[in-house]
Every structure is written in C-alpha cells, then in structure tokens.
Amino acid sequence: MSTHNVWTHKGTFLLAAVGSAVGLGNLWRFPYLAGENGGGAFILIYALTIFAVGIPILIAETMLGRASRRSPIMGMQFLTRTHKTSRAWVSIGWMGAAAAFLILSFYSVIAGWALHYTWLMLTGTLVGADAATIASGFDALLASPGLLTLYHTLFIIASGVIVGMGIHKGIESGLRIMMPALFVILLVVLAYGIANGDFAAAASFLFTFNLGDLSLEGWLEAMGQSFFTLSLGMGAIMAYGAYMASDASLSRTAFAVAFVDTAVAMVAGLAIFSLVFGAGLDAAAGPGLMFVTLPLAFAEMPFGGLIGGVFFILVLGAAISSSISLIEPVAAFLVERFDLTRPQAVFAMVVASWALGLLTVVSFNLWAEASLFHTLFGRSAFDLIELLTNILMPLGGLLIALFAGWALTQSEVMKEMRTSEAWFQVWRFLVRFVAPAAVAFVFLRTIPLVEGYLLPAIGALIIVGAFAAGRTMLAGSGQAQ
Ligand code: TRP
C-alpha cells in the first residue's frame, strides 16, 4: 500500500528538506567543530565534501523516495521488487529507521538545553553574570536529571504534535511559519554580532585556509559533519522525497538545499564567532561553545538578554524542523505497514525514542564517569549512541549511493532524474566511485581511532559485513533479467 501523498506546493520539498538539514548541526555542532579544528581548513574540507559527496547522495536519496512514493522501508521493498535487485538492500530502510530513532533520542535532549537557555535569557537571569557563574549554571543543568528530562519531554512532545497533525496541516504549515522566521532571526543575530562583536576576527578565523592546521581527525570530522548536516543516509530525505512533486528537478533542488544549509552554517558561524571574539573568549570551547561561551558574550553586551533569547528561539525552531523529519519516516512506515492512524504511529515512535533519550539524560549525571555503564562500554550512553549514529549515517549514505549507482536499472534512474545526459553521467560517476570512496575514508574515524574495545570490533564487523553484502548484491543484480 502506498500513501501517494504529495506536498501541496512544488517548492514544499525544498522547504521541508532545508528544515530537516538546518538544525543543531548548523548552529551548535558546526561552529564548535570548526572552532576546535582550526576554522578555515575545517570549512574547506566540509564544503568540498558537501559538494562532491553530499549533493550526489542527496540527489540519490530524494530519488529513491520519489521513485517509490513510500516510506523508506516500504519504499526500498518496492524498489528492490520492481528493479529486481537483491532484497538485502532493504536493510537501507531498516538502518535508516534505527538511526532516526537513535538521533531523535539525543537530539531532543540537547534541544532541551536551548529551552532552558531561552528562558534564562528572556528573564534576564544571566545579564552581567561572570564566566564562573555561567559555567557553573551549565554544569548544574547537566547535573539535574529532572530538569533535563522535563525539557526533553517538552521538546519531543512539541515535535510529535506537529508530525501527528499530518504532512499538510502539521509539517507543511509548521514549516511555512517557522522557516522564514528563522532566517529573519539569523540575520538579526548576525547584524547584532557585527555591531557589537569582532566580525573581522570571525571572518578571518573562518575563511583563512591553512590545511596544515587540520589533523586527520579534523578531516574525518569535517566529512562526518557534512553528512550529519544534510540529514543524509537515514531515510529522512527519502521520506520527504516520497511527497515531492514529480516535475520538480532533483538536481536543482539538491543544490539549493545544500547551498542554503551551508550558508546558514556560515552565517551562524560568523555571528557566533563575532560575539565570542568580541568578548575576548576562546573559540575552541567544544560542545559548550553555544551554552557557555555564547551566553557569556550575551551577558556582557547591550540587550544581550533579549537578543540571546531570540537566538535560542532560533536554535529551538531549527531543532524542531529537523526533529519532525526524524519522526516522519518511522511514523509513515508504521502507518503503511500496520495500518495505525498517524497519531498512533507518531505516539509509538516518540515514546520509544523518548525512553531511549533518558539514557542520554543520565549520561551527564547519574551514569557519568564512574557508573557501571561507563565501565562496560568505556564511554557514556550518549557517546555510545552518537557513535552508533556516526556509523549508521555514513553507512546508509554509502549503501544509498551504491544502490542508486549500481543496482537500480539505470534507464529508469535516468528517467527519474530528467536531466541532460552529461550531468547524469557526472552524477553517476560521483555516486558510483567518488562517494563510496569518500565514505569509506570517513569510516577511518569511527573505527581505528576510537578507544575502548567493544565498538571497534562491532564497527569492523559492520564494515566487513557491508562489503560482503554489497558484493553479493552486486553479483545478484548482475544476474537479474
Ligand atoms: N541535519 C540535522 C542538523 O543539522 C541533523 C540530522 C542529522 C537530521 N540527520 C538527520 C535531522 C535526519 C533530521 C533527519 O541539525
């Protein structure tokens, strides 16, 4: 059974995909990773990966959704049947669903922190506060399982309600209000950063390329980030692609999504680092950049409470427009497969992901360093879940590229792409060779560089398994009539 739902407007897919792509990855993760990895050099690798690897896979993933017009798992079943390929490719759908579920669980907890800071900023609690006060405030938030759970719960309910209202009334209408507002806020914060901060220092930090600054770890992190930021490899884009108008251009849309997503990351980076440098603070603060360094900058600046509050509302909105795209693929699957109503399906997905999120909550307090979990796995539950998603997303992207480039009937792909022969050949070369090679390289990061003993083993098994499966599948698709 297929849903055969289509977005109300031709441009809605673009809106929805940008909503999915622009999120905590752009506003929180990108600036702190760039800050830790020397700025410009990191950005160079990040941008190159987006254009050479991200866009081709984005096109492939959207195409799989539109060609099947089903939720990712059902869609993959449909495509393997109609293109007579190995059924093993359906694992792309299952892995994507697993990744969506895992990402949502921690994404919601972190977005919850932004809820806390929106409140602190708008009530003016932090105005004039010093570094020690702000840092200990953040530590106190992380030390409180109750508070973290409260925010996590509020955030995930808000996301669930939007998806539960359906793709037209919920997702489309929500995005149509949220996305323009987010761009306006981003520009306001940038203008504020230019007026009150050190824009020149920010620009030179972000755009001075010195590849020597970049460690191998930095390279790999930049490539991993380009997957994360485009929401690739886990079915979110496929699920939205299933509702895409048949006559919209896959390639042009993918370019637009990647361009807007990159532009938002750059503008956010410029705004944040203007404020951070303007206040004489350190760029390499890690994950605390947004929650400790930035609030400190706001605390010292005129109208900091107000603009800071507006900034954290931006973070929340961007996070919600992403989290709804994490719920959609799984919810749509439950509706198609088990005939649940949409609210029932969303409820099931959200409750399960919420419960898993409690593991992330306790990672910062009850189950931090000395706990049994930490001893068993050599890391906190949050780090473990993040690591798993860092394996699943590139792996999903790799398999999507291989499936689209090698397994599908290429004449059908060409028809779906509706582009010139020349661009089709370029795209196919990228998904067949360049993207898989690049992704294999990203795996270097997840496998040998992680300390601990359990995960490297699991990771190695997954990779070997994937390659073995890939080979069998390729052999299988060669024999297909
Ligand atoms: N792209 C999102 C961001 O930058 C994060 C993300 C990764 C995501 N994978 C996703 C969002 C899948 C939705 C669906 O914040």
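Biologist: How do the residues of the shell around the ligand divide into nonpolar, polar and charged?
Modeller: This is a predicted model, so what follows describes a prediction. The shell has nine nonpolar residues, eight polar ones and no charged ones.

Biologist: How many residues surround the ligand, and which are the closest?
Modeller: There are 17 residues around the ligand. The closest are Ala21, Gly25, Tyr107, Phe228 and Ser325.

Biologist: Which polar atoms of the protein lie by a nitrogen atom of the ligand?
Modeller: One is on serine 231, where a polar side-chain atom lies 3.0 Å from a ligand nitrogen. Another belongs to serine 20, where a backbone N or O atom is 3.4 Å from a nitrogen of the ligand.

Biologist: And what is 3.3 Å from an oxygen atom of the ligand?
Modeller: That is an N or O atom in the side chain of asparagine 26.

Biologist: How much of the ligand does the protein bury?
Modeller: The protein buries 100% of the 360 Å² that the ligand exposes when taken alone.

Biologist: What kind of space does the ligand take?
Modeller: The ligand takes the space of the largest cavity.

Biologist: Which elements give two or more residues to the shell?
Modeller: They are α1 (12-21), α2 (24-36), α5 (91-122), α10 (216-229) and α14 (304-338).

Biologist: Back to asparagine 26. Which side chain does asparagine 26 join in a polar contact?
Modeller: The partner is threonine 229, and the two side chains are joined by a polar contact of 3.3 Å. Asparagine 26 also has the side-chain atom 3.3 Å from the ligand oxygen.

Biologist: Where is threonine 229 found, and is threonine 229 buried or exposed?
Modeller: Threonine 229 is in helix α10. Threonine 229 counts as buried because its relative accessible area is 0%, and the cut-off for buried is under 20%.

Biologist: Now α5. What does the side chain of serine 108 contact?
Modeller: Serine 108 lies in helix α5, and its side chain makes a polar contact of 2.8 Å with the side chain of histidine 152. Serine 108 has 0% relative accessibility, so it counts as buried.

Biologist: Where does leucine 122 lie, then?
Modeller: Leucine 122 is also part of helix α5. With a relative accessible area of 47%, leucine 122 is partly exposed. From leucine 122 to isoleucine 134 is 12 residues in sequence and 15 Å in space, C-alpha to C-alpha.

Biologist: What is phi at lysine 84?
Modeller: Lysine 84 is not a glycine, yet its phi is positive, about 50 degrees. Lysine 84 sits in the loop between α4 (72-82) and α5. Its relative accessible area is 44%, so lysine 84 is partly exposed.

Biologist: And what about phi at aspartate 339?
Modeller: Aspartate 339 has a positive phi too, about 55 degrees, and is not a glycine either. Its place is the loop between α14 and α15 (342-363).

Biologist: Is aspartate 339 buried or exposed?
Modeller: Aspartate 339 is exposed because its relative accessible area is 61%, and the cut-off for exposed is over 50%.

Biologist: What separates isoleucine 194 and glutamate 217?
Modeller: Along the chain they are 23 residues apart, and their C-alpha atoms are separated by 32 Å. Isoleucine 194 lies in helix α8 (residues 167-196), and isoleucine 194 is partly exposed, with a relative accessible area of 42%.

Biologist: Last pair. How far is alanine 299 from glycine 25?
Modeller: They are 24 Å apart in space, C-alpha to C-alpha, and 274 residues apart in sequence. Alanine 299 belongs to helix α13 (residues 293-300) and is buried, with a relative accessible area of 9%. Glycine 25 is one of the closest residues to the ligand.

Definitions and conventions:
Residues are numbered from 1 along each chain as its sequence is written. This is a predicted model: local features need pLDDT of at least 70, side-chain atom pairs count only at pLDDT 80 or more; totals for chains, interfaces and linings use all residues. Side-chain values use heavy atoms; hydrogens and water are left out. A residue is near a molecule or strand if one of its heavy atoms lies within 4 Å of it. A polar contact is a pair of N or O atoms within 3.5 Å; within protein, one must be able to donate a hydrogen and the other to accept it, and residues adjacent in sequence count only if both atoms are side-chain atoms. Accessible areas come from the Shrake-Rupley method with a 1.4 Å probe; for residues, only the protein chains shown count as cover. On a 1 Å grid over the protein atoms alone, a cavity is a set of points where a 1.4 Å probe fits but cannot get out, and a pocket is an open set with protein on both sides within 12 Å along at least five of seven lines; lining residues have an atom within 4 Å of a point. A molecule sits in a cavity or pocket if more than half of its atoms lie within 2 Å of its grid points. Helices (H or I, at least four residues) and strands (E, at least two) are DSSP runs, numbered from the N terminus. Ala, Val, Leu, Ile, Met, Phe, Trp, Tyr, Cys and Pro count as nonpolar, Asp, Glu, Lys and Arg as charged, and the others, Gly among them, as polar. Buried means under 20% relative accessible area, exposed over 50%, partly exposed in between (1.4 Å probe, protein chains only).
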